[in-house]
Amino acid sequence: MNELQLKLCDIQGRLFELSAKKNYSSAAFVKTFMLSETAKELDSKYNRMQWVGEEYILEEIISNNSDTLSKDGEVFLEDVLYWIGYIYRYWHYYNGEDSAKIYKQAPVNTMRRNYMIFHTMDPVVAIEDLKEISKQNRK
């Protein structure tokens with residue numbers, strides 16, 4: 001993992017954290033983002049979205065997905081959301097999977113449920129464990 005990739009993991013973590021500060025329903029925000037064109041752009045080798053901050057990315061998500069975002073649902077703790085955002089982006093760099101595929105394997109409720117166990121682990125170990133949980137759930 002290079003320095004730029006780690007910075008982008010941090011930006012995505014801060015983006016998820018910012019969604020809580022703006023009172024967006026966490027489950028709806030995370031799902032909307034992970035399945036969005038914006039996430040797809042961030043998954044590409046190079047895209048202008050990789051050079052903007054979390055505030056701009058949030059505005060982009062809101063303007064393109066206002067129909068799926070809500071302020072009526074539960075807002076998760078900021079540290080939980082940061083970890084979820086960070087791990088999702090790290091996962092992408094770790095094995096090249098796109099955001100939509102990652103979300104399918106580890107939806108927001110899986111991430112939230114496993115936060116207490118996994119947030120202190122090395123990201124690679126947490127990702128491998130999340131992939132294993134996904135395999136077991138498909139059986």
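**Exercise 1. With which residues is glycine 85 in contact, leaving aside its neighbours within four places in sequence?**

*Solution.* The model is predicted: local features need pLDDT of at least 70, side-chain atom pairs count only at pLDDT 80 or more, and totals for chains, interfaces and linings use all residues. Residues are numbered from 1 along each chain as its sequence is written, and side-chain values use heavy atoms, with hydrogens and water left out.

Step 1. Locate the residue: glycine 85 is found in helix α5. Helices (H or I, at least four residues) and strands (E, at least two) are DSSP runs, numbered from the N terminus.

Step 2. Apply the criterion for contact, which is heavy atoms within 4.5 Å. With neighbours within four places in sequence left aside, glycine 85 is in contact with Cys9, Gln12, Gly13 and Phe16.

Step 3. Consider accessibility. Buried means under 20% relative accessible area, exposed means over 50%, and partly exposed lies in between (1.4 Å probe, protein chains only). Glycine 85 has a relative accessible area of 0% and is therefore buried.

Step 4. Glycine 85 and phenylalanine 33 are 52 residues apart along the chain, and their C-alpha atoms are separated by 9.9 Å.

**Exercise 2. Describe the overall fold of the protein chain.**

*Solution.* Step 1. Count the elements: the protein chain has eight helices and zero strands. Their order from the N terminus on is α-α-α-α-α-α-α-α.

Step 1. State the dimensions: along the principal axes, the C-alpha atoms fill a box of roughly 35 × 35 × 25 Å.

Step 2. Examine burial and contacts. Of the 139 residues in the protein chain, 49% are buried. Among the contacts with a separation of 6 or more, 72% are accounted for by residues 24 or more positions apart.

**Exercise 3. Which residues touch the most other members of the largest nonpolar core?**

*Solution.* Step 1. Define the core: a nonpolar core is a set of buried Ala, Val, Leu, Ile, Met, Phe, Trp, Tyr and Cys residues joined through side-chain atoms within 4.5 Å.

Step 1. Identify the central members. The largest nonpolar core has 40 residues, of which Phe16, Phe29, Val30, Phe33, Ile84 and Tyr88 touch the most other members.

Step 2. Assign the core to helices. At least two residues of this core come from each of α1 (3–21), α2 (26–34), α3 (37–43), α4 (54–65), α5 (78–95), α6 (99–105), α7 (108–118) and α8 (123–138). The largest share, nine residues, is supplied by α5.

Step 3. Inspect one member. Residues up to four places away in sequence not being counted, isoleucine 84 touches Phe16, Val30, Val108, Met111 and Arg112.

**Exercise 4. Is glutamine 12 buried or exposed?**

*Solution.* Step 1. Glutamine 12 is found in helix α1.

Step 1. Its relative accessible area is 3%, so glutamine 12 is buried.

Step 2. Beyond its neighbours within four places in sequence, glutamine 12 is in contact with Phe33, Met34, Leu42, Gly85, Tyr88 and Arg89.

Step 3. Compare a residue of another helix. Lysine 135 lies in helix α8 and, at 46% relative accessibility, counts as partly exposed. Lysine 135 and glutamine 12 are 123 residues apart in sequence, and 26 Å apart in space from C-alpha to C-alpha.

**Exercise 5. Which helices do the buried residues of α2 pack against?**

*Solution.* Step 1. List the buried residues of α2: Ser26, Phe29, Val30, Thr32, Phe33 and Met34.

Step 1. These buried residues pack against α1, α3, α4, α5, α6 and α7.

Step 2. Turn to a loop residue. Threonine 68 is found in the loop between α4 and α5 and is partly exposed at 39% relative accessibility. Residues up to four places away in sequence not being counted, threonine 68 touches Ala28 and Thr32.
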